[in-house]
Amino acid sequence: MPAASLAAPSKQVFDVRPFDGQVGAEIVGLDLSYPLDDADFRRVHQAHLDYHVVVFRDQRITPEQQIAFSRRFGVLQIHVLKQFLLPGHPEILIVSNIVENGAPVGLGDAGKYWHSDLSYKALPSLGSMLHAQELPSEGGDTLFADMHRAWDTLPKHLQAAIEGRQAVHSYTARYSEGKDAANWRPTLTPEQLAQVVTVAHPVVRIHPENGRKALFVSEGFTTHIVGLPEDESRDLLAQLYAHSVQPDNLYRHVWQPHDMVFWDNRSLIHLATGCPNHLRRKLYRTTIQGDAPY
Ligand code: OGA
Ligand code: MN
């Protein structure tokens, strides 16, 4: 495998091929083990903005190469669950259901509810990359929902009800929920809890790079809409969630070996559909910091 610092032997020729639906494109012919030149980087960046999730098949890359590629897009965020960071590479969060010697090797139930990564931070994530390490023989797909389209197609009375409002996001609200969450989720230390205090963000945000509005609430981390009675907030959020994840608003990623998938957390929410727990699944995640939502 070439070192990350070597230039590609010749100029890489690649295509951006949009999928059939609203969301997603495959980038064909690019080997991410080589650093991208500026023109290629601009094309990948533009494809990411246009399609919100880009898929690179069969990437035989090292953690160092994933980190180097991720850093082209911004500062990397280190996940609060230190126990699941790749040893020697804290920029990589291990997402896995594998238990070794009685201890989970990674975050086992990442993405069990629809969410945008790190929306509970003051500076949520711009985008995340997942690189497949081990895949189950069944299940384990990842779903993505287009939150620009969710906003654009939202009935006018719902648009009017949320425009200008803020919602609170919390990492801990659903942290230990669910029947097997307790097995997967280590107890947070006081130091970890201090890193995940709740924040409020606009319910409708403007994407800082494409200028489009997007819904920015999700069942994973949003607890309530500020300034509304509890039942009204719950009812409104339920309507927004149901609207966001209608089938024609989705892209389903069916993982292939060595896939690298890079999505935009400002444009999409995503969900792990899960797989039987006796089947091993392991992916490496890097998470790029974004701006404060407005
Ligand atoms: C994540 C995530 C979904 C999946 O790693 O951020 O939500 O299918 N993963 O593993
Ligand atoms: Mn996620």
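Mentor: Let us begin with charge. The mean positions of the 27 positive and 33 negative charges of the protein are 1 Å apart; Lys and Arg count as positive and Asp and Glu as negative, while His and the chain ends are not counted. Each charge is placed at NZ of Lys, CZ of Arg, CG of Asp or CD of Glu. This is a predicted model, in which local features need pLDDT of at least 70 and side-chain atom pairs count only at pLDDT 80 or more, whereas totals for chains, interfaces and linings use all residues. Residues are numbered from 1 along each chain as its sequence is written, chains are lettered from A and ligands numbered from 1 in the order in which they are written, and side-chain values use heavy atoms, with hydrogens and water left out.

The part to examine is G111. This residue lies in the loop between β7 (103–104) and β8 (125–134), strands being DSSP runs of E with at least two residues, numbered from the N terminus. G111 counts as buried because its relative accessibility is 14%; buried means under 20% relative accessible area, with a 1.4 Å probe and protein chains only. Leaving aside residues up to four places away in sequence, G111 touches L271 and A272, a contact meaning heavy atoms within 4.5 Å. G111 and A272 are 161 residues apart in sequence, yet 4.8 Å separates their C-alpha atoms.

As for the whole, among contacts between residues at least 6 apart in sequence, 82% join residues at least 24 apart. Of the 294 residues, 51% count as buried.

How values were computed. Buried < 20%, exposed > 50% of the residue type's maximum accessible area, 1.4 Å probe, protein only. Helix = DSSP H or I, 4+ residues; strand = E, 2+ residues; numbered from the N terminus.
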